[in-house]
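Me: I have a structure open and want to go through it with you. Can we start with the record and then move on to the fold?

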Amino acid sequence: MLYFILKFLHVIGASVLFGTGAGIAFFMLLAHRTGRAETIAAVARIVVVADFLFTATAVVLQPITGIALAWNVGYSLTEGWILLSILLYVVTGAFWLPVVWMQMEMGRLAEAASKGGQPLPKRYHQLFHLWFAFGFPAFGAVLAIFWLMITRPAIEW
């Protein structure tokens, strides 16, 4: 029974990570496409809350449930597919942490532009393009982790 509880929590956590990330990216992109500073500021406030509430919680719980699941099943944490998953998880985090800061800064810049009746500043657009670019390796790594978790391929180091 413990195995199924751990597996359930791990799968839910992975789904939350991917789903929240995809949802946040979708809403930020659509807000950006409006070109309206007030819309971008409002959406940025919401997605930052979602990142802290959902993504951060899943980020913390995923390694806990993953390690517990591996121990419960009897997998060594040094198995190739697990090590590669951990490496990809670190890569995802390395891109996600700056993205959260970028969302906060883009929101702040959009809020200032909206209050001042000004267009979005050049810095906002620079951050948006960087934010957009950071999404590809992060999502790619998450998809690769899903594949590794499902297939558990034999990988020799």
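**Record and fold**

Reply: For "transmembrane region", the unreviewed UniProt entry lists residues 6-30, 42-61, 81-101 and 128-150. UniProt positions are given in the numbering used here, feature names are shortened, and annotations may be inferred rather than shown by experiment.

Me: What should I know about the model itself?

Reply: This is a predicted model, where local features need pLDDT of at least 70 and side-chain atom pairs count only at pLDDT 80 or more, while totals for chains, interfaces and linings use all residues. Residues are numbered from 1 along each chain as its sequence is written, and side-chain values use heavy atoms, with hydrogens and water left out.

Me: How many helices and strands are in the protein?

Reply: The protein has four helices and zero strands, in the pattern α-α-α-α along the sequence. Helices (H or I, at least four residues) and strands (E, at least two) are DSSP runs, numbered from the N terminus.

Me: What is the chain over residues 42-61, helix or strand?

Reply: Residues 42-61 are 100% helix and 0% strand, with the end C-alpha atoms 28 Å apart. Residues 128-150 are also 100% helix and 0% strand, and there the end C-alpha atoms are 33 Å apart.

Me: And what does the C-alpha trace span?

Reply: About 60 × 30 × 20 Å along the principal axes of the protein.

Me: On to packing. At what angle do helix 1 and helix 2 cross?

Reply: Their axes cross at roughly 160 degrees and come within 8 Å. Axes are lines fitted to C-alpha atoms, for helices over the stretch in contact, and angles run from 0 to 180 degrees between N-to-C directions. Helix 1 and helix 2 are therefore roughly antiparallel. Angles under 35 degrees count as roughly parallel, over 145 as roughly antiparallel, 65 to 115 as roughly perpendicular and the rest as oblique.

Me: Is the crossing of helix 1 and helix 2 left-handed or right-handed?

Reply: Left-handed, meaning the near helix is turned anticlockwise from the far one by less than a right angle (right-handed if clockwise). The contact of helix 1 with helix 2 has 22 nonpolar, 11 polar and two charged residues. Ala, Val, Leu, Ile, Met, Phe, Trp, Tyr, Cys and Pro count as nonpolar, Asp, Glu, Lys and Arg as charged, and the others, Gly among them, as polar.

Me: How do helix 3 and helix 4 pack?

Reply: At an angle of about 155 degrees, with their axes 8 Å apart. That makes helix 3 roughly antiparallel to helix 4. Their contact divides into 26 nonpolar, three polar and two charged residues.

Me: Switching to pockets, what volume does the largest pocket have?

Reply: About 1200 Å³. A pocket is an open set of points on a 1 Å grid over the protein atoms alone, where a 1.4 Å probe fits, with protein on both sides within 12 Å along at least five of seven lines; lining residues have an atom within 4 Å of a point. Grid points are joined across faces, edges and corners, and a volume is the space filled by probe spheres set on the points.

Me: Which residues lie nearest its centre?

Reply: A14, L17, Y89, V142 and I145, out of 46 lining residues. The elements giving two or more residues to the lining are helix 1 (2-34), helix 2 (37-73), helix 3 (80-116) and helix 4 (122-151). By class, the lining has 33 nonpolar, 10 polar and three charged residues.
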